[in-house]
Every structure is written in structure tokens, then in C-alpha cells.
Amino acid sequence: MKLTNHKNKGYVIIFMTMLFMAIIVVLLVGVVNPVISNYASAQSTISSKKSFSLADSATEEALYRLKNSKKIGATQTLTLSSGTATINISNTSTGKKIDANSQAGAYQKNIRVNLAVGTGISFHYGIQAGRGGFELNNSSSITGNVFSSGPVIGSGNIIRGDVVSAGPSGLINGIHATGTAYAHTIQNSTIDKDAYYMAISNTTVGGMSYPNSPDQIEEDLPIPDEQINLWESEAEDGEIKTCSSGTYIIDSDESIGPAKIPCDLLIKGSGIVVMIGGPIWVTGNIETQVSPSIRMDSSLGNQNVAIIADNKSASTTSSIITIGQNTSFQGSGSTNSYVFMVSQNGSAENGGTTDAIYMGQGSSAVVAYAPHGQISLGQSVSVKEATGYKIVLNNTANVIYDTGLASTLFSAGPGGGYNVVDWTEI
């Protein structure tokens, strides 16, 4: 009997020990599980934030390069110690789209930024001409910096800024520049600051002279035909207007765009308001008469809108834009919003003298762009920006530059950049 009692006591001790250990295990599990869970959650949060930071950094990098005209391909990979991010840049009808995709551990983040073409990144210089160059006649002048891949010729005309005539045939002749001048040859001019050249004659230089300076590199005009084609596609996806006798006439208040007009466009009427809601593609000529007002719809915000003349079957004789006396242009009400008047006439590029864009007396704030043609600015006209294959200024025309990205050559000038429309995680 005594032996049996001792055995029972042994079982009790073993049972109590096992029960105690089970309680300890339960307690440990109850304590450790939340710790492990919190640790895993913290690690997940860290990886998620790393992934987001990677995507955000990649987006910032792409935006910086676009804003400052730095080289960047359509696809780029950004590698950091925390992971990698892929940047994809594509054109849109309003500008560009940046997609940044990142991977950190098991976590992926995607950020998209939509950019509108602004008068910053697109226009790298105060006023820019292609190989056709600049011609300043009568008492015309330019307020701002000038870049030309052709000659800059005047007869004592003032350019209030720096002047660059690029390439081995670069020529500045008959110009009074209040800033610095760069050209292969400078003659018959007054340069208030420094002069960089290979040859110089009959010229007064107020600053330092730098003979045997290398020629500046010619630059492409800023908006490629591919971008213009995208605007045309967006216009075509909108309304197709009906023409009467080969012309679509707007002679009363009207809202229009996106729209394609498969003929000439005539806008006329004193005080009428034409509200532009998207790009317009005209497959003929564009003419404005008798003081109409052309305005961007407020819903466009800080975007820009293009009105394009592009007759693809008659590129040297059609696609002409004539801006009549006292035609006014207004943005959407937001900063950096402008109407782009774009002509695809190619007469000047083919040796002709037809004006792609003619702006008459009193024409106001607008961006004129003719990558293959000649822009002619008339008496007392002022524009925000004029960029074309060739630019001719007549009478008292004045280009007042307050848009664009200053070149590193220029000593002064406004900064610029694409306008960010939205920045979202997708």
C-alpha cells in the first residue's frame, strides 16, 4: 500500500510539471506571437516605404531631367542599395507621362505623373530660329535671349539679352546686343558685354573678347512633329466639324475643341469669344479678323492648348496662319497656360518665302510655332514666344520673352519646366 501511494505521488508531480510547462508555453506563445507579428509588420512597412521611396525618387529623377533638358531615354533603371526602379517615359496628347515601377523585397509600388507641355521645357531659349535664322527690319526689337541655328541679321536693331548664332556659318550682323554674343562671325555690331567668335570686324565689344572660340552646337527646335501628331490625333478623336464652301466660319461666341476642321478656319467678329476646350486641327489655313478673343477653357488649368494648321497634302502652299489686327489670346486663368498657334507650312525650309504665320498689328500674348516655316511679326506686335525655322520682324514688332528655360550660355533668363498635372500612386 505504501508503494502504491508513492507511485501516485510521482504521477501527480509529473502531471503538475507538464501542466506548468504547458502554461509556460502558452504564455510564451502569447507573448512571442505578437512580437513576431509586429516585427513582420514593421519589416513589411519598411519594405513598402522603401519601395515607395524608390518609385518616388525615380519619378523625381525623371522630372528633374525633363525640366532641365538633361538626357533621358524612354526607359531607364535606377538602382539603389534598397532595390531597383524602372522609369518609363511616353508622349501624351498634352505632354508626357512618367511611370515609375519599383521593387523592394516582396513589395512593388507604381507611381504615375502626367505632365503638360509648358512654355518652359519646350522653349529652351528666349526666341529660337532654325537654319533660316532671324531678320530684323525697320525698328523691330527683341526683349530676351536669342538662339539661332542660322544668321541673325539687322541694321542696328536692339536685342535686349544674349545672342547665339550657332554652327560654322553662324553670323551676327548689324545687331546691338545688350548681353553677350556667340557666333563664328560677328560684324557691324555693338556687343555691350562679352563676345565669343572666330572672326570679327567693325564691331564694338563692351566686355571681354574671346577670339578663336569654338562654334556653338546647333539645336533642334523644341516640339517634335511626333508631339504635333499626337495633338492632331486628340483633336480628331473629338468633334469633326462640317465645312461650308471650303471654310468653317466662327462669327459669334462658340465653344470648340477637341475638334478637327477638314477645311479652312475663319474667326471674325469684334468682341466675339471663342472658348477652346482642347486641341484643334485645321487641314487648311487659319485666319482671324476684326478683334475676336480666343480663350482657353478654365477646366484646362495650367495646361496649354494647340490650334494647328496642317494640310498634309499641300505643305508648302497651305497650313498658313494669319492673325489679324487686335486679335487677343487668353489662357485658362491659371499660371503658365497659353494658346499655341502651330503651323506646319514648310515653304521656308524648302527655300520659299511664304509666311507660315503672320501676326499683324496689335496681336497679343500667344505662342507662335512654325518648325518648318517662316514667322513674320508685323507692326507693334507683341508675343510671349516665337519659334520657327525662320523669323522675320518688321516695323516696330517686339518679341517680349518671359517664358522658357534659360540656356547655360545665357547670363539671365526665366526658368521653366513641364507643368505637373497630377502625381498619383497606381
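The structure is a predicted model in which local features need pLDDT of at least 70 and side-chain atom pairs count only at pLDDT 80 or more, whereas totals for chains, interfaces and linings use all residues. Residues are numbered from 1 along each chain as its sequence is written, and side-chain values use heavy atoms, with hydrogens and water left out.

**Figure 1. Overview of the protein, with two helices and 36 strands.** Helices (H or I, at least four residues) and strands (E, at least two) are DSSP runs, numbered from the N terminus. Of the 426 residues, 46% count as buried; buried means under 20% relative accessible area, exposed means over 50%, and partly exposed lies in between (1.4 Å probe, protein chains only). The protein exposes about 19200 Å², of which carbon and sulfur atoms supply 53%. Accessible areas come from the Shrake-Rupley method with a 1.4 Å probe, and for residues only the protein chains shown count as cover. Among contacts (heavy atoms within 4.5 Å) with a separation of 6 or more, 45% join residues 24 or more positions apart.

**Figure 2. A nonpolar surface patch made by F15, M16, L19 and I23.** The patch covers about 400 Å². Patches are made of residues with over 30% relative accessible area and no salt bridge, like charges being joined within 9 Å and nonpolar side chains (Val, Leu, Ile, Met, Phe, Trp, Tyr) within 5 Å. A salt bridge is a side-chain nitrogen of Lys or Arg within 4 Å of a carboxyl oxygen of Asp or Glu. M16 belongs to helix α1 (residues 2-67) and is partly exposed, with a relative accessible area of 46%.

**Figure 3. The disulfide of C243 and C263, with G246 in contact with C263.** The structure holds one disulfide, the term denoting a pair of cysteine sulfur atoms within 2.5 Å. The sulfur atoms of C243 and C263 are 2.1 Å apart, and the link is left-handed, with -90° about the S-S bond. The pair links distant parts of the chain, 20 residues apart: C243 lies in the loop between β18 and β19, and C263 in the loop between β21 (259-261) and β22 (264-268). C243 is partly exposed at 26% relative accessible area, while C263 is buried at 7%. G246 is also found in the loop between β18 (239-240) and β19 (247-250) and is partly exposed, at 40%. Leaving aside neighbours within four places in sequence, G246 is in contact with C263 and D264. The C-alpha atoms of G246 and C263 are 5.4 Å apart, at a sequence separation of 17 residues.

**Figure 4. The aromatic cluster of Y182, Y196 and Y210.** Rings of Phe, Tyr and Trp (its six-membered ring) pair if their centres lie within 6.5 Å; planes under 30 degrees apart count as stacked, over 60 as edge-to-face and the rest as tilted. The count by this rule is three aromatic pairs. Y182 and Y196 are stacked, because their ring centres are 4.7 Å apart and their planes are at 10°. This pair links distant parts of the chain, with Y182 in strand β11 (residues 181-183) and Y196 in strand β14 (residues 195-196), 14 residues apart. Y182 counts as buried at 9% relative accessibility, and Y196 as partly exposed at 25%.

**Figure 5. The edge-to-face pair of W231 and F340.** The ring centres of W231 and F340 are 6.0 Å apart and the planes stand at 80°, so the pair is edge-to-face.
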